[in-house]
Amino acid sequence: MSSPATGPVLATENLLTDNPALYEKTFPDTGARNARFVHDLVTEFATGSAGTAPRLLDVGSGTGRDAARLAELGYDVSAVDISPRMVAYARATYPGVDFTVGDARRVRTVEPVEVLTCLGSTLLHLHSSVDVVTALSGFAACLRPGGLLVLEMRNGAFLLTDRGRRELLDEVSVRDIEWEGVAYTSRTALSLDLAAQLLRRRRVWTWAGGGPVTQDTAWRLLFPEELRYLLHSSGFETLALFDEPGPLAGSAWSADAVRSSALTGDRLHVVARRRALSGAR
Ligand SMILES: C[S@@+](CC[C@H](N)C(=O)[O-])C[C@H]1O[C@@H](n2cnc3c(N)ncnc32)[C@H](O)[C@@H]1O
């Protein structure tokens with residue numbers, strides 16, 4: 001990666017997670033949509049008494065907006081993200097929520113939680129199956145028996161469709177962003193690494209008098225039946241797996257809408273229950 005003489009902060013490999021305000025500007029308003037999605041699914045699938053505020057852990061909390069909106073909906077929320085900059089921003093912006101720097105593969109809670117959320121493809125930043133199972137098993141350990149896991153992420157199977165390959169692989173997407181008086185342009189290209197089962201992204205940033213800054217990242221491609229198996233191996237029973245509707249899906253989230261289990265769309269949505277018997281794998 002080349003370094004700019006002046007310009008946005010680059011502490012790690014990701015300009016957006018290094019600059020949380022820029023992240024929120026680039027991806028506006030998922031907080032309310034994600035929180036409504038989670039709350040509707042928890043309302044539908046939760047069992048047990050609802051006496052006190054349900055404890056909820058959000059893993060990969062980013063700028064903290066999903067956690068903050070979930071707290072507004074009545075959850076007792078704590079949140080973890082691996083990026084110290086994201087956590088610092090979230091703490092300053094939403095002081096009512098407990099944000100901690102941590103890795104999805106090592107999350108622990110003092111008390112078991114009723115709900116654990118991992119949204120926005122955070123799980124797919126773990127590239128090996130061992131890491132995915134380590135994270136999911138840790139999530140199970142954080143949940144009370146019967147507690148719910150809600151996942152939202154890219155759908156690996158979308159790339160098996162003509163539309164998926166066309167939309168994701170055939171085009172370079174160009175985005176212009178005005179931020180703190182500077183006009184930035186990003187050019188993003190995706191490619192497949194079949195041997196590693198990864199979707200790789202190369203994003204090149206330029207701005208007046210600055211750049212180019214090249215940033216590479218990748219998401220694990222998880223396929224629906226593989227995900228069911230990994231969840232089962234980690235102590236979960238899959239209750240719902242659908243591609244539409246959803247907070248980032250083509251059709252906007254609505255609790256009443258018919259859910260598609262064709263799984264040809266670009267997002268995967270999962271509700272899974274922690275199984276009661278820890279030995280029942
Ligand atoms: C695309 S953002 C999603 C943020 C938020 N959940 C949302 O849906 O808008 C992915 C987040 O995952 C975090 N992340 C990546 N790898 C992680 C890991 N191993 N453990 C915890 N967080 C991780 C990143 O720092 C980033 O904030």
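Trainee: What percentage of the 281 residues of the protein count as buried?
Mentor: The figure is 42% of the 281 residues. A residue is buried if 20 or more other C-beta atoms, placed from the backbone, lie within 10 Å of its own. Please note that this is a predicted model, in which local features need pLDDT of at least 70 and side-chain atom pairs count only at pLDDT 80 or more, while totals for chains, interfaces and linings use all residues. Residues are numbered from 1 along each chain as its sequence is written.

Trainee: How many helices and strands are there?
Mentor: The protein has 8 helices and 11 strands; these are DSSP runs numbered from the N terminus, helices being H or I of at least four residues and strands E of at least two. The radius of gyration is 19 Å, close to the 19 Å of the globule rule for 281 residues, so the protein is as compact as a globular protein of that length. That radius is taken over C-alpha atoms, and the rule is 2.2 Å times the number of residues to the power 0.38.

Trainee: Which way does strand 1 run relative to strand 2?
Mentor: The two run parallel, and 5 bridges join strand 1 to strand 2, residues 76–81. Strands pair if DSSP finds at least two bridges between them. Aspartate 58 stands opposite alanine 79 in strand 2. The chain crosses from strand 1 to strand 2 through helix 4 (residues 65–72) in a right-handed β-α-β crossover, meaning that the path over the helix runs clockwise with the strands pointing away from the viewer.

Trainee: And strand 4, how many bridges join it to strand 1?
Mentor: There are 3, and strand 4 (residues 113–118) runs parallel to strand 1. Aspartate 58 stands opposite threonine 117 there.

Trainee: A change of topic: what is the order of the open sheet of 4 strands?
Mentor: The order is 6-7-8-9, with antiparallel pairing. Strand 6 (173–179) and strand 9 (210–220) each have a single partner strand, so one side of each is left without a neighbour in the sheet.

Trainee: Finally, how many residues surround the ligand?
Mentor: There are 19, the closest being Gly60, Gly62, Ala104, Gly120 and His125. A residue counts as near if its C-beta atom, placed from the backbone, lies within 6 Å.

Note on methods
Buried ≥ 20, exposed ≤ 12 C-beta atoms within 10 Å, placed from the backbone.
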